[in-house]
Amino acid sequence: MSEDKRTVVIIGGGITGIAAAYYLQKAIKEQQLPMECKLVEATHRLGGKVQTVIRDGFVIERGPDSFLARKLSASRLVHEVGLQDEIVHNATGKSYILLKGNLYPIPGGAVMGIPTKIAPFVTTGLFSPFGKLRAAFDFILPPTKAEGDLSLGQFFRRRLGNEVVENLIEPLLSGIYAGDIDQLSLMATFPQFFHVEQKYGSLVLGTKRTTPKAEKQRKGAFQTLKTGLQSLVDEVEKRLEPGSVIKGVRVETVERQGTKYRLWLSNGDVWTADSVIVATPHQTVPTMFSDYPFFAPFKSVPSTSVATVALAFSESAIEQDIDGTGFVVSRRSDYTITACTWTHKKWPHTAPKGKALLRCYVGRPGDEAIVEQSDDEIVNVVMDDLNKIMRIAGRPEFSIVSRWKEAMPQYTVGHKERLEKVKANMTEALPGVFLAGSSYEGLGLPDCIDQGEEAVKKVLDYLRVHKRETVEVN
C-alpha cells in the first residue's frame, strides 16, 4: 500500500455496504483518485437480508421482496448493473385487513390508512358509526402543537381516533416497521404526515392534495426483479474490484490513531484506514468502538425478531380462493400471523403455472417467541391461521422458514435527536467515520442504498478537505 494512497474501509456487506463499495469504486476509477476501497463482511455472503431461493420454478424471497418504485436509487442501481430488463411492477388487486375473523377490503383511496376518499370510508365495515364520526374530527381539530417528537400512535389517534388507528393504520404501518406505533417516532418514520397536517390543518385533506398522481393510477407502486433480488447483490458483487471484499471476518475494534484509524479483525489482521463507513446494525457499533461512550444509546435501541414463512401449493389445494393480493392482521385479532401475501397473484413470476405461493409473516413486539419455534411448529401455526380464513387442502408441497433475529430496528420516539447527537460526537471524535444502514435513516432497500451513496459523498468530501489540510500544513 503506497503512502500517498488513501484507504477507505466499509464495514458490513449488506445492501448499504455493497452499494457504498460499488459507488466509491466507480468514483475512484472514473476520477482516477489515489484511493482504494475494501469491504469486510462478518458472514460468508453479501447482501444481508436480501436472499432469494429458487426452487422447483418458484422464486422465493427470504427477506425484502420489493422496493418502492418512486424512490429511484434502487432502480438506478439495477440499471447500473444491467438488470433493467428484469424489473417488474407488482400486480394491483384488493388488499385486506383481517379483523376479528373477517377480511375487510382496505378502503379505496386510503394512503397508509389515511382516508382520501369519503365514500369507501363511510361504507366500510372496519369501523363502527362512532369510529367514523370520530375520524371526522380531523376536519375541525387544530394542528398538533409539537414540542419535540411524538409517537405515530399519539399523532394518528388525536387526528382520527382509536378505531381507525387500531383497525387500519396500525396493521399497515406496523407491517412496515414490525413495531409498536405507540412507541415509533413520527419524525423518524413519517414526518410528511406531520408536515401536511401543519400546512393544511387536516391530515385527510393534506394527504389527498399531496398524494402523487402516480399512486392514484393502477400501476403497482412496487418493483422487484424476475430473477430475485439476490441477483442484484450478485451483479453488484461481480463488479467490485477483485480482492477488495473479505468475507467471514469480523471487525472487532476500531480506534483512532492520529489522522488514521486502526481496525483489528477477527482473523488477527490489523488494517489502517483514512476513512471508514460503518454499515452494520446499530447493536454492533458500541462494541466495535468501545473507547467512545457516546455510542452507548445504541445499546438500548430495540430490534424486533420476525420470521417469514413461504408455502408452496398446487392452486387446486386452495379451496376457498380470495380475490386479492394479501392481507394484514389487526392486533385485535386472535392470530399469530401478522400478514400474508398471495405472492403468486401479487408477483405472477414467482410461481409456475398452476401453482400458488403464500408468504406469511410472524413476530411483533411483545410476541416474538414464535420466531424461536422449530420450522414444523411455525408452519403448523401458520397453516392453522390460514385455514380459519381460506381453507387449504392438505400440506404445502414445501415450505421455507426464514428467521430474522433482532433484525428490525425500532425508530422509537426521539430517534432523530439521538442520532444527530451521536453524529455530532463522531464529527468531533471520529472525523472521517460515517454511519449508514437500516438502523439509522430508513429500512427499505432504496433508503439503504441512498445512505450508502450519501456516505460515499461524505468520504470523498472528507478526504479532499483532509488532503488539502495536509498539503497546507506541509
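**Exercise 1. Find which residues are linked into a cluster by ring pairs.**

Solution. Ring pairs join Phe155, Phe156, Tyr177, Phe190, Phe193 and Tyr411 into a cluster, where rings of Phe, Tyr and Trp (its six-membered ring) pair if their centres lie within 6.5 Å, and planes under 30 degrees apart count as stacked, over 60 as edge-to-face and the rest as tilted. The model is predicted, with local features needing pLDDT of at least 70 and side-chain atom pairs counting only at pLDDT 80 or more, while totals for chains, interfaces and linings use all residues. Residues are numbered from 1 along each chain as its sequence is written, and side-chain values use heavy atoms, leaving out hydrogens and water.

**Exercise 2. State how many aromatic pairs there are by this rule, and describe the pair of phenylalanine 58 and phenylalanine 398.**

Solution. The count comes to 17 aromatic pairs. Phenylalanine 58 and phenylalanine 398 form an edge-to-face pair, with 5.5 Å centre to centre and 85° between the planes. Finally, phenylalanine 58 counts as buried at 1% relative accessibility, and phenylalanine 398 is buried at 6%, where buried means under 20% relative accessible area (1.4 Å probe, protein chains only).

**Exercise 3. Identify what sits over the ring of phenylalanine 398.**

Solution. The charged end of arginine 55 sits over this ring, 4.0 Å from its centre; the rule asks for NZ of Lys or CZ of Arg within 6 Å of the ring centre and within 35 degrees of the ring normal.

Terms used:
Buried means under 20% relative accessible area, exposed over 50%, partly exposed in between (1.4 Å probe, protein chains only).
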